Amino acid sequence: MSAIRFTTALTAAVLLFCPASAAVSDRGHEPTVQPPPATSTDEPTGSVTIARGSGADLIRMVEKKLPGVRVFDLNLTDEGSAPWFEVKSYRGDQVWSTMIDVATRRIVRSSEAKPASDLDAETQRDLGDFRRIKMKLSEAVVIAEQLSGGRAVSAGLHRGDDKLVFVVVVVADGALKEITVEPDK
């Protein structure tokens, strides 16, 4: 995931999940805001209600709907009338973008396959490296959610120190936390 794309995802999550006065990233600081109360089925966070469940479940749902694909990006998006998760996947030289409703966790739309060559050069390079990694994005999300005690709102590839890592942003205890998972460790 490019630095610009990651920053956009993080900003969207902050705006959706945290009041403006409480937008903090957990980097060793205690959150200053208590999370909103949750019902038994949904979790209201800020102005958005997210149906319960793991981000890994969303990834597995797309992998089941499009057999043989490998998901490389999960992103919470608030463009339009209702927030949704965008899940990007690939198989061979084709990529798909699948929209999942945040509140119901149902697939709203899956795009037709597009050529991977339509992606920017950095994403194409990252996908080339991702093909050699055995770990799935869903596994990285499970690790991050277990470590943080939260739920993933964004996850994807990121190149750090010239190696590919998974960066997962979770909402936990009313704050955003960024977890980096090194694949195949």
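**Reading the inside of a fold**

Author: Start with one residue. Val168 sits in strand 9. Keep in mind that this model is predicted.

Reader: Is Val168 buried or exposed?

Author: Check the relative accessible area; buried means under 20%. Val168 has 0%, so Val168 is buried.

Reader: Which residues does Val168 touch, beyond those up to four places away in sequence?

Author: Among them are Ala140, Val141, Ala144, Ala152 and Ile179. Sequence distance and spatial distance are separate things to check. Val168 and Glu145 are 23 residues apart in sequence, yet their C-alpha atoms are 8.6 Å apart in space.

Reader: Which residues touch the most other members of the largest nonpolar core?

Author: Phe130, Val141 and Phe166 do, in a core of 39 residues. Strand 9, residues 163-172, gives this core its largest share, 6 residues.

Reader: Now a helix. Which residues of helix 2 are buried?

Author: In helix 2, residues 55-65, the buried ones are Gly55, Ala56, Leu58, Ile59, Val62 and Glu63.

Reader: Why do the buried residues line one face of the helix?

Author: Look down the axis. The buried residues of helix 2 fall within an arc of 160 degrees, so they line one face.

Reader: What covers the buried residues of helix 2?

Author: The cover includes strands 3, 4, 5 and 8, along with helix 4.

Reader: What caps the N-terminal end of helix 2?

Author: Ser54 does. One of its side-chain oxygens lies 2.9 Å from the backbone nitrogen of Ala56.

Conventions: Residues numbered from 1 in each chain as written. Predicted model: local features only at pLDDT ≥ 70, side-chain atom pairs only at ≥ 80, totals over all residues. Heavy atoms only, no water. Core = buried A, V, L, I, M, F, W, Y, C linked by side-chain atoms within 4.5 Å. Buried < 20%, exposed > 50% of the residue type's maximum accessible area, 1.4 Å probe, protein only. Helix = DSSP H or I, 4+ residues; strand = E, 2+ residues; numbered from the N terminus. Contact = heavy atoms within 4.5 Å. Arc of directions from axis to C-beta. Polar contact = N/O pair within 3.5 Å; in protein donor to acceptor, adjacent residues only side chain to side chain.
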